[in-house]
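Dear colleague,

I am handing over the structure shown below, together with a short account of what was found in it. Please read the account with the model open beside it.

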Amino acid sequence: MALTLYVDTARWRAHQKQVQDQFPGMIPVCKGNGYGFGHERLCEEATRMGADVLAVGTTYEAASIKDWFGGDLLVLTPFRRGEEPVPLPDRVIRSVSSLEGVRSLVGARMVIECMSSMRRHGISEQDLGQLHGAIEDVRLEGFALHLPLDRPDGSDAVEEVIGWMDRLRAARLPLHTMFVSHLRAEELARLQQQFPQTRFRARIGTRLWLGDHEATEYRGSVLDVTRVAKGDRFGYRQQKAASDGWLVVVAGGTSHGVGLEAPKALHGVMPRAKGVARAGLATVNRNLSPFVWAGKQRWFAEPPHMQVSILFVPADAAEPKVGDELVAHLRHTTTQFDRLLDS
């Protein structure tokens with residue numbers, strides 16, 4: 001009895017192939033919880049698709065992944081002076097976002113991140129003059145731009161990249177490789193056409209692994225079903241049942257990521273109104289679970305436990321049976337499954 005991630009493997013891999021064809025030289029990204037699939041599985045998939053470089057989030061991830069992937073590993077988190085040293089093989093490439101970082105990693109392989117409109121981290125235009133001398137002591141793999149997902153101001157992602165290409169060229173810096181994130185296939189093609197001497201390599205994670213929502217599905221097994229009448233007390237907090245129905249214990253709790261939700265950017269009146277409504281219901285202990293039964297998402301009877309959740313199914317719905325599986329709408333990047341089954 002488990003929280004299971006079902007994968008339609010043929011469909012999932014067909015989507016991977018489609019993305020790979022759209023982005024020649026693509027670098028798969030494997031970070032965090034492995035986009036819900038785990039690091040080892042994504043390393044296997046990256047190897048199967050012939051990737052020569054795999055991007056990871058941190059040096060700690062690189063240290064654990066190095067035995068599962070035989071190619072180069074690109075660490076996306078920039079080097080910081082004074083960080084804890086982690087033993088890594090020479091095939092690890094560090095990201096650097098400052099002059100200090102470049103000067104501190106003499107002899108290292110590195111990608112230099114440029115400050116984009118994300119305003120997160122990156123070397124500034126003012127530093128380019130000093131950068132030319134600093135890179136003589138390192139093995140420069142290229143420059144990188146991490147771009148925003150949305151552009152409400154109507155700005156052009158391609159123009160932003162071209163702007164940096166022009167600045168780097170003016171500073172007489174090598175432009176053999178540019179690593180980019182969050183460009184569309186047609187935008188990458190425009191850049192490649194305009195700069196044929198530069199190899200553009202797209203770092204892709206979410207679109208590659210999670211782009212086909214129909215290829216994967218989480219399901220939680222029903223472990224117990226208990227009939228309750230209106231007014232019956234139950235659970236850790238001994239709340240009263242609001243009506244007749246069933247308490248359904250289903251696999252999947254806080255240790256799996258159930259009940260944990262990352263903040264979302266809401267656009268438009270209706271999504272904001274729904275957000276306000278959900279917040280209001282939560283103040284009276286009414287929280288919608290991710291589990292679906294008889295075509296509807298069901299309410300948590302109480303906050304999820306560590307490994308299970310207790311749902312309330314009203315008497316007007318069909319009674320779940322032990323061993324049934326409930327589809328769960330869970331976010332891959334915050335979910336830890338008990339088992340993964342390929343189909």
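**Salt bridges**

A network of salt bridges links R13, R41, E45, R48 and D342; a salt bridge here is a side-chain nitrogen of Lys or Arg within 4 Å of a carboxyl oxygen of Asp or Glu. Please note that this is a predicted model, in which local features need pLDDT of at least 70, side-chain atom pairs count only at pLDDT 80 or more, and totals for chains, interfaces and linings use all residues. Residues are numbered from 1 along each chain as its sequence is written, and side-chain values use heavy atoms, with hydrogens and water left out.

In general, side chains of opposite charge can pair when their charged atoms come close. The structure holds 24 salt bridges. In one of them, R13 meets E45 with an N to O distance of 2.8 Å. R13 belongs to helix 1 (residues 9–22) and E45 to helix 2 (residues 39–48), so this pair ties together parts that are 32 residues apart in sequence. Helices (H or I, at least four residues) and strands (E, at least two) are DSSP runs, numbered from the N terminus.

E45 also forms a salt bridge with R41, where the closest N and O atoms are 3.0 Å apart. Both of these residues lie in helix 2, 4 residues apart, which is about one turn of the helix.

As to accessibility, buried means under 20% relative accessible area, exposed over 50%, and partly exposed in between (1.4 Å probe, protein chains only). E45 and R41 are both buried, and the value for E45 is 1%. R13 is partly exposed, at 31% relative accessibility.

A further salt bridge joins the side chains of E217 and R219, at 2.8 Å from N to O. E217 counts as partly exposed at 30% relative accessibility, and R219 is partly exposed at 25%.

**Cysteines**

The number of disulfides in the structure is 0, a disulfide being a pair of cysteine sulfur atoms within 2.5 Å. For C43, the nearest cysteine sulfur is that of C30, 4.8 Å away. C43 is buried, with a relative accessible area of 0%. C114 is likewise classed as buried, at 1% relative accessibility.

**Helices 6 and 7**

Two packed helices are described by the angle between their axes and the distance between the axes. Helix 6 (residues 157–170) packs with helix 7 (residues 185–194) at an angle of about 35°, and their axes are 9 Å apart. Axes are lines fitted to C-alpha atoms, for helices over the stretch in contact, and angles run from 0 to 180 degrees between N-to-C directions.

Helix 6 contributes A157, V158, E159, V161 and I162 to the contact, and helix 7 contributes E187, R190, L191 and Q194; contact means heavy atoms within 4.5 Å. By class, there are 5 nonpolar, 1 polar and 3 charged residues in this contact. Ala, Val, Leu, Ile, Met, Phe, Trp, Tyr, Cys and Pro count as nonpolar, Asp, Glu, Lys and Arg as charged, and the others, Gly among them, as polar.

**The chain as a whole**

The protein chain has 9 helices and 18 strands. Its C-alpha atoms fill a box of roughly 75 × 45 × 40 Å along the principal axes. Of the 343 residues in the protein chain, 47% are buried.

With kind regards
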